[in-house]
Structure formats: C-alpha cells, structure tokens
Amino acid sequence: MAKLKNLKNRLRREGTLQGLILACVGASIGSGWLFGPLYTAQIAGPYAVGSWIIGAVAILLLALVFAELGPLIPKAGAVIHLAHVGNGPIVGNMWSWILFLSYATIAPIEVTALLTYANNYLPIFLQPHTALLSTRGFLIALAFLGLFIAVNFLVVRWVLRINNGATWWKIVVPLLTVGILVVLAWHPGNFQIQQGNAGSDLQGMFVAVATGGVIFSLLGFRHAIDLAGESKNPSRDIPLATIGSVLIVALIYLALQVAFIGAVHPSDLAHGGWPNLQFKGINGPFAALAAAVGATWLSVLLYIDAFVSPAGTALIYTATASRVTLATAESGAAPQWVSKVNRFGVPWTSLLLLYAVGAIFFLPFPSWQKMVGYIASMTVLSYVIGPVAILQLRKAMPDLERPFRLPLAPVIAPLAFVAGSWIVFWSGLHTLNFIFGTLFALLIVYALWGWLSKTKLREMGWEYMWWIIPYFLMLWGAAWIGPKSLQGIGLVGFFADMGLVALLSLVIFYWALRSAVSDRTIQLYMRNLGSRGVGAP
C-alpha cells in the first residue's frame with residue numbers, strides 16, 4: 001500500500017449538510033433532465049417510467065452501501081481509498097483510473113449539452129446536420145470549461161454556495177415544467193402498451209436504465225462521499241446526503257418522465273411509435289413541447305435553464321473531480337504533484353489536469369446518448385467495489401466505529417453487486433468493448449511499468465486481482481452471447497442472460513471476499529488514513 005503523504009495545506013472542512021445535499025441534487029439535474037426522458041422513452045416507450053424506478057432502486061442499493069463506507073474515510077475522494085482498502089495496489093489503481101476517467105468527462109459532456117441546446121436558436125455551435133462541435137463551438141466550449149475551472153479555485157464553501165443557488169432553480173424549473181405539461185398537454189393514451197411490441201419494450205425498460213441517461217442522471221449521490229474531506233460533520237451528513245439525494249432526484253425524474261410521455265402529441269407516434277419519435281425542435285425536447293402547447297414563456301425559461309442546469313452540474317463535478325484526482329495521488333495511483341493544495345485549500349494542480357483532459361473530450365466523439373452510456377456504465381463498474389469493501393471491513397474491523405451501520409449488509413451488499421453488474425451488462429457489447437478495451441490498455445501499461453521498475457509481483461498485488469479477470473470476461477461474454485438488442489449474437493435470451501449474470505456475479509462476489517488482503521493490512525491502511533476508531537487524531 002502506498003503511504004499517504006501529509007499535505008502542508010489541507011482541504012478545509014466548510015461543507016454543511018444542506019450544501020452536500022444540494023451538491024448531490026445539483027449534480028444530478030443537469031443535461032440528464034434535458035435529454036434523458038426523451039431517449040428513455042424512445043428506447044422503452046411507456047415502460048420508461050419503470051426504467052427510472054429500476055434505476056433508482058439499483059442506485060439506492062449502492063448508495064446505502066456507501067452511506068456506511070463514506071463516514072469511515074472522511075477524506076476527499078473517499079471512493080478511491082475504498083478501492084485500495086481490501087484489494088491490493090493493482091485493483092485499487094485500476095479503480096482509481098476508472099473513477100478519474102468517469103469524473104473528468106462529465107464537465108465536457110455538460111458543456112457539450114449546453115451548446116447543443118443553444119444551437120437550436122443560435123446555430124453556430126454544431127457542424128450542420130451533426131452533433132459534433134464546430135470550430136467556433138470548440139473554442140467556446142474551451143472557454144466555458146475554463147470558467148468552471150476558474151470558479152473552482154475559490155474555497156469550497158463559495159463553490160457550494162454558488163451551487164446552492166443554482167440548484168434551487170434547477171429543482172423549481174423541472175417541477176414547474178411537469179405541472180404545466182400535465183395541465184396543458186395530457187394524453188393518457190400514450191401510456192398504453194402497443195400489442196406485439198410489449199416483449200421488446202419490456203427489454204427496453206432495462207436497457208434504457210444504462211443507455212437512456214437514467215443511471216447517468218442518478219449518480220449525483222457520490223458527491224457527498226467525494227466531498228467528505230470538507231464536511232463539517234461527515235458522520236451525520238454523508239449518510240443523510242447520500243440516501244436523501246437519491247430519493248429526491250428519483251422522484252423529480254419520475255415526474256418528468258410521466259409528464260414527457262403524456263405531453264407527446266399522439267400524431268407524433270403515428271409513424272413508427274416511440275423508437276421513431278420525431279417532432280419539431282426535438283433536440284430541445286421539453287422546450288419544444290412547451291412551445292407546441294402555447295406556453296412560449298415556459299419554452300424561453302427552459303432555454304435559459306438549458307444553460308443553468310448543465311453549467312451547475314459541470315461546476316460541481318469539476319469540484320469533486322479535482323478531489324478524486326487528489327485522492328489518486330494520495331493513494332499512489334498518480335504522481336504526487338497532482339496532490340498539491342494551495343493555501344486556500346484548493347487542489348490547484350488537479351484542476352489544471354482536469355482542464356487538459358477535459359479539452360480532449362471536445363474533439364469529435366459519439367453523441368451525448370452514447371457518451372453518457374459509456375460514462376454511466378464505467379462509473380457503476382467502479383462503484384461495485386463498494387459492496388465488496390463493506391463486507392471486507394466488517395470482517396477485518398468488526399469493532400470499528402460506524403456512524404451509520406447498514407442493516408442487513410450481508411444481504412444488501414451482494415444485491416447491490418448484482419444490480420451494478422446488471423447495469424453494466426445492460427449497456428451492451430459495444431459499450432463493454434470500449435470500457436474493457438480501455439482497462440486492458442491501462443493494465444498493460446501498469447504491467448510494463450512494474451517490469452521496467454523491477455517491482456515484485458507481490459508488491460504490485462497481482463494475487464488479489466484474479467477475481468477481476470473472470471468478472472470482466474463474464475460481463476463481456478454474457479453480452480456477446482446475449483440478445484441482438486445488446487449487440488450480441490442472440491444465443492441466449494435477454495432475461496435468461498440476466499439470470500446468468502446474477503448467478504455468476506454472486507459467485508465472483510464471494511470469490512472477491514476470499515481474495516482480499518489480510519485483515520492486518522486492511523487495519524494498517526485504515527490507520528494510515530486516520531479513519532475513525534483506528535488511531536484517528
């Protein structure tokens with residue numbers, strides 16, 4: 001295990017419970033609410049309502065696990081450290097890289113969404129007939145990303161105050177939109193299931209969880225954990241903010257999906273149904289629906305919100321991404337220069353690195369929908385380490401002070417692991433090719449680094465990672481033999497394949513528990529972190 005570096009200038013504990021909850025909610029209500037209900041409905045039709053319920057349950061299972069784990073490591077980027085606790089350096093480093101990539105891409109995605117919406121009334125940001133940024137759009141995107149980086153050079157209490165104001169706006173506007181559309185454009189017939197397509201739509205209900213923007217929109221809970229190092233009272237605030245934010249956001253998105261389905265005019269479904277849904281201004285779906293029912297003032301408000309919502313999410317993700325990057329350096333997964341903190345408690349080198357990496361993602365990449373599918377699945381993959389870590393710590397440190405102790409953890413943890421595995425599986429073979437191809441390349445680089453530095457295999461922790469390879473192969477193989485809706489070869493049906501993933505995930509989960517580092521090593525790592533109850537000052 002890498003020895004943690006004591007920083008001269010530490011992060012300041014200035015975050016309140018309200019600030020953490022609003023950070024989580026504000027991070028969730030960004031480009032996801034602008035586009036998620038549209039893409040989810042196109043994939044699942046009326047079953048889209050079920051997609052949000054399934055996604056909320058799956059994320060809540062993971063959030064419950066991290067509600068116990070988060071307060072145990074009240075440091076910035078706590079998830080990075082949790083990946084290292086029981087699984088050795090190589091697994092911890094791999095998870096650190098996955099998390100870094102999943103965080104570093106969010107702000108660019110939000111900026112791209114902002115400019116995509118703006119292109120509806122000022123068509124200079126995108127190349128004609130594409131979703132790719134124009135040269136002018138690319139330069140403006142760099143300027144916006146630079147603005148969010150610059151704001152994050154403020155101390156965290158000011159970042160959270162700015163986010164608090166934006167988040168109240170981001171809560172009110174979607175709820176107002178729901179109310180107006182339900183009153184002015186309610187078509188209950190849209191919720192009827194078309195005969196002959198029910199089986200396909202039922203599969204779509206699950207697939208949309210990973211690919212329609214559902215999970216991408218519900219992942220904001222993690223900011224309570226990532227900002228743990230700057231919370232005034234992490235023992236109380238982290239569990240409340242983690243669980244509470246998931247429930248608040250899930251209800252808002254569920255209402256938005258119901259309002260969207262009900263507001264679509266039946267004539268727009270006459271030719272090809274939900275998969276071929278098209279209407280004027282569909283690239284700004286809620287604003288277009290508002291304009292279609294005569295609520296022009298709401299349409300204007302939504303175009304304003306199309307700046308506020310993605311900008312607020314980009315701002316808070318930049319803040320937490322810099323803390324996650326800081327933790328990668330503290331854990332040994334990144335160079336130590338990344339961990340520099342200035343006299344105001346701001347991880348400034350992390351912010352500069354995020355700007356450089358984020359700029360790359362403004363280059364020609366796939367559509368918003370495909371990118372959020374990649375990022376959401378990669379993020380969930382990184383969070384399945386939590387259910388493993390909670391039981392590893394329960395075994396190694398049963399007497400550790402736990403401000404929140406998850407009831408039925410031996411039951412909930414494996415369920416959360418299966419739920420996370422399902423989400424990654426639902427993303428489809430193409431997404432898994434992207435994720436595992438990236439991880440394989442990183443693994444090769446890590447192995448070469450170990451060989452060049454003449455590091456012993458035991459020191460790299462290879463013996464603790466053998467459950468990882470079967471796990472990755474299982475997910476990829478299940479998608480490959482699975483239905484064509486997941487880009488598979490159609491050898492196994494969708495629901496039979498889900499059952500296979502669940503069974504194999506449980507086998508690998510308990511294998512991972514048996515492959516953990518020694519209890520003594522876990523105790524030492526937690527002591528070095530200054531965790532509660534193990535020698536913390």
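**Labels and their grounds**

Tutor: In this predicted model, glutamine 487 sits in the loop that runs between α21 (468-481) and α22 (494-514).

Student: Why is glutamine 487 called partly exposed?

Tutor: Its relative accessibility is 30%, and since partly exposed covers what lies between under 20% for buried and over 50% for exposed, glutamine 487 counts as partly exposed.

Student: What is said of the phi of glutamine 487?

Tutor: Phi is positive there, at about 65 degrees, although the residue is not a glycine.

Student: How do you know whether leucine 408 counts as buried or exposed?

Tutor: Leucine 408, in the loop between α17 (385-396) and α18 (409-426), has 63% relative accessibility; exposed requires over 50%, so leucine 408 counts as exposed. Its phi is near 55 degrees, again a positive value in a residue other than glycine.

Student: Which residues touch the most other members of the largest nonpolar core?

Tutor: They are Trp95, Phe260, Leu381, Tyr471 and Met526, in a core of 163 residues, to which helix α3 (residues 48-72) gives the most, with 15 residues.

Student: What is tyrosine 471 in contact with, leaving aside its neighbours within four places in sequence?

Tutor: With that exclusion, tyrosine 471 is in contact with Leu381, Val384, Phe417, Ser421, Ser505 and Ile508, where contact requires heavy atoms within 4.5 Å. A second, separate core has 19 residues, among them Ala107, Leu142, Phe144 and Leu315.

Methods
Residues are numbered from 1 along each chain as its sequence is written. This is a predicted model: local features need pLDDT of at least 70, side-chain atom pairs count only at pLDDT 80 or more; totals for chains, interfaces and linings use all residues. Side-chain values use heavy atoms; hydrogens and water are left out. A nonpolar core is a set of buried Ala, Val, Leu, Ile, Met, Phe, Trp, Tyr and Cys residues joined through side-chain atoms within 4.5 Å. Buried means under 20% relative accessible area, exposed over 50%, partly exposed in between (1.4 Å probe, protein chains only). Helices (H or I, at least four residues) and strands (E, at least two) are DSSP runs, numbered from the N terminus.
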